[in-house]
Structure formats: structure tokens, C-alpha cells
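Subject: Structure handover

Hello,

Here is the structure you will be working with. Please look it over first, then read the notes below it.

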Amino acid sequence: MARKTLVTNWVHPEVLDLLSTRGPVEANTTREPWPRDELLRRARDADAMLAFMTDHVDAAFLDACPDLEIVACALKGADNFDREACRARGVAVTIVPDLLTAPTAELAVGLMITLGRNLLAGDRLVRDRPFAGWRPVLYGMGLDGAEVGIVGMGAVGQAIAHRLRPFRCRLSYCDAQPLSPAAEDAQGLLRRDLADIIARSDYLVLALPLTEASRHLIDAAALAAMKPGALLINPARGSLVDEAAVADALEAGRLGGYAADVFETEDWARADRPAGIEPRLLAHPRTVLTPHIGSAVDSVRRDIAFAAARDILRHLDGQHQDSTLIRHGCRVQ
């Protein structure tokens with residue numbers, strides 16, 4: 001009997017060609033996710049699902065899709081997928097743990113430079129009125145010699161640190177799973193506790209997964225403890241920060257700026273997730289906000305989808321293994 005694969009978001013056509021070698025494929029060929037009710041309708045008879053950040057698989061979803069055997073996630077952070085509910089029903093869950101690391105680290109550094117050097121404000125200044133030449137304006141914060149604290153030193157944290165070394169940053173990190181002394185020395189890293197990192201950093205960069213323990217790690221108290229004028233960079237998960245508290249700190253002039261590629265509204269696993277981005281962040285001139293493009297490199301996204309598709313093929317070929325281990329599972333202390 002043919003077994004159906006559902007692809008919930010757009011992928012490169014050659015990925016669909018690969019999946020179709022094992023059976024029928026139903027795919028979303030638009031650039032917008034299906035609404036939840038439509039996704040459920042299409043998934044009811046699916047044996048496999050290639051899933052993305054916009055999807056939320058919980059017990060209710062699984063109960064409505066009794067034929068589902070595998071959810072292959074084209075992503076690294078699987079917090080929107082209830083792995084325990086899947087395990088209880090014998091549904092395999094796979095992730096792509098490695099391919100997103102380099103592009104996410106690249107974007108993190110880009111956000112740091114964009115925010116610190118006032119690139120968006122400079123672009124607006126040039127476009128909004130005739131450019132008359134240099135003026136003593138838009139003085140910002142450089143990376144050269146800056147104190148940079150990285151919270152979470154898994155694969156992404158290490159990749160960010162590696163890319164910052166040529167800028168001669170003073171690099172500190174916190175993680176309950178420390179690197180070896182040799183690795184710290186090789187990468188020019190000093191391990192500190194979270195409170196020390198928060199108090200010292202010119203740039204505070206978040207590079208850890210979303211868990212119950214890390215939700216709103218950066219709250220009003222943490223923001224109040226940051227160095228005045230420091231910049232907060234979030235390429236990891238929206239709910240690591242309390243967006244309303246960030247807006248408060250920006251309006252009070254305590255926080256120098258906020259750059260994010262991720263937002264609380266994306267975190268489907270939260271029953272109380274906000275309906276949208278905090279409006280004051282959208283309006284504030286000291287924010288740089290990008291639409292979750294950390295891995296949006298064409299060749300990388302193709303490879304990620306191929307990796308997830310191959311997980312499905314292995315499963316359909318009888319290699320029933322659950323590869324849900326999140327190998328970047330850093331924790332703060």
C-alpha cells in the first residue's frame with residue numbers, strides 16, 4: 001500500500017522528486033503555511049510529515065492523524081514539537097542538527113554590526129533626504145575590542161565565537177556544560193556565570209535552545225542588571241526574552257538596542273504565546289528585526305530539506321529509528 005508524505009511548507013522541487021520515489025507526496029507549494037485546520041485535514045491520512053518552524057505537533061494533532069509514523073523536522077530547535085507525545089504514540093521525530101549552525105552564526109554577527117553601527121538609521125538618512133556628505137552623526141559601538149558575552153556555548157555559540165575572533169573581541173560565555181580548558185584557550189573564551197556575563201557585556205548574544213528553564217531568561221531583572229547602553233542580540237528563540245520588558249528597557253534608555261531574528265509569537269509550544277510582536281519593538285528606532293532568516297541561505301535550506309526528506313525515506317524503508325536527541329542542548333547555570 002502506498003504511503004503518503006505531507007510537506008507542510010515550500011521546498012525545492014528536487015526534494016519533492018526525491019520523496020515521490022517512495023509514494024504519493026502532498027506538498028504546500030506556496031510561501032505561506034497552511035492554517036491549522038487545513039494542515040490537520042491534509043495530515044489525517046499521512047504516514048510521514050516533513051515539518052517546519054510554523055508547525056506545532058502536540059497530542060491533539062497526533063490523535064487526529066492516526067497513520068502518522070514520522071515527523072521529520074527541517075530545523076534544529078524542536079521546541080514546537082511535543083516529543084514525549086510522539087514517543088508515547090510510536091511516532092519518530094527527527095531534526096537536522098548541524099546545517100543551520102554556520103548561517104545562524106553569520107546572521108548573529110550581521111545583527112551585531114547592523115545594530116552597533118547604526119546601519120538601518122544610516123540607510124534611512126541617505127534615502128530620506130538629499131545626501132550632502134559626511135556629518136558627525138550616528139556614532140555607534142564597534143566590535144573591535146568589545147566585551148561580548150555569549151549565553152549558550154553549543155554549536156551555534158561556538159560558531160559565533162569563532163567568527164568574532166578576528167574582531168579582537170573579549171569573549172566570555174556561560175553554559176552549564178563547559179568547554180574543555182584547551183578548547184576555551186583555542187577559541188579565546190573565558191567562562192563566567194550568567195550574572196557576570198549580563199553585567200559585563202557590551203554585546204549580550206543568546207545562543208541557547210528554548211526550554212522551560214530558559215524561557216524569559218532575559219527578563220526585567222536581567223535587563224536592569226545589564227551595562228547601560230549594552231546591546232542585546234537574539235538569533236535563537238523569541239521566548240528567551242520578555243519582549244515587553246525589552247521594550248520597557250529601551251524606552252527607559254537603559255538598553256542600548258535590541259536585534260532579533262526570532263520572536264515570542266513563533267513559539268507555538270507556549271499556550272500563552274502573544275499574537276504578534278510587541279508593537280513598541282516594531283516602533284523603536286534602536287531595534288533591528290529580521291523575519292527568522294538565520295538559515296535563509298538557498299543552498300543551506302535545500303540541504304536541510306534534503307536531510308529531513310532522507311530521514312523520511314530511511315523510515316519508510318524500514319530503518320525505524322528515533323533521532324530526537326538535540327545535540328546542542330546547552331544549559332545556563
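**Salt bridges and a cavity**

D202 is buried, with a relative accessible area of 15% (buried means under 20% relative accessible area, exposed over 50%, and partly exposed in between, with a 1.4 Å probe and protein chains only). The model is predicted: local features need pLDDT of at least 70, side-chain atom pairs count only at pLDDT 80 or more, and totals for chains, interfaces and linings use all residues. Residues are numbered from 1 along each chain as its sequence is written, and side-chain values use heavy atoms, with hydrogens and water left out.

Side chains of opposite charge can pair when their charged atoms come close. D202 forms a salt bridge with K227 (2.9 Å, N to O); the term stands for a side-chain nitrogen of Lys or Arg within 4 Å of a carboxyl oxygen of Asp or Glu. D202 lies in the loop between α9 (194-200) and β9 (203-206) and K227 in the loop between α10 (220-225) and β10 (231-234), so the pair ties together parts that are 25 residues apart in sequence. Helices (H or I, at least four residues) and strands (E, at least two) are DSSP runs, numbered from the N terminus. K227 is partly exposed, at 29%.

The structure holds 25 salt bridges. Another one joins R280 and D248 (2.7 Å, N to O). R280 sits in helix α12 (residues 279-283) and D248 in helix α11 (residues 243-251), so this pair ties together parts that are 32 residues apart in sequence. R280 is partly exposed, with a relative accessible area of 28%, and D248 is partly exposed at 39%.

There is also a network of salt bridges that links K4, E26, E38, R41, R42 and D45.

How many cavities of 30 Å³ or more are there? The count is two. On a 1 Å grid over the protein atoms alone, a cavity is a set of points where a 1.4 Å probe fits but cannot get out, and lining residues have an atom within 4 Å of a point. Grid points are joined across faces, edges and corners, and a volume is the space filled by probe spheres set on the points.

The second largest cavity holds about 40 Å³ of space. The elements that give two or more residues to its lining are α5 (101-116), α6 (119-128) and β12 (287-289). The largest share, four residues, comes from α6. Among the lining residues are T114, L115, R124 and P285.

Regards

Definitions and conventions
On a 1 Å grid over the protein atoms alone, a cavity is a set of points where a 1.4 Å probe fits but cannot get out, and a pocket is an open set with protein on both sides within 12 Å along at least five of seven lines; lining residues have an atom within 4 Å of a point.
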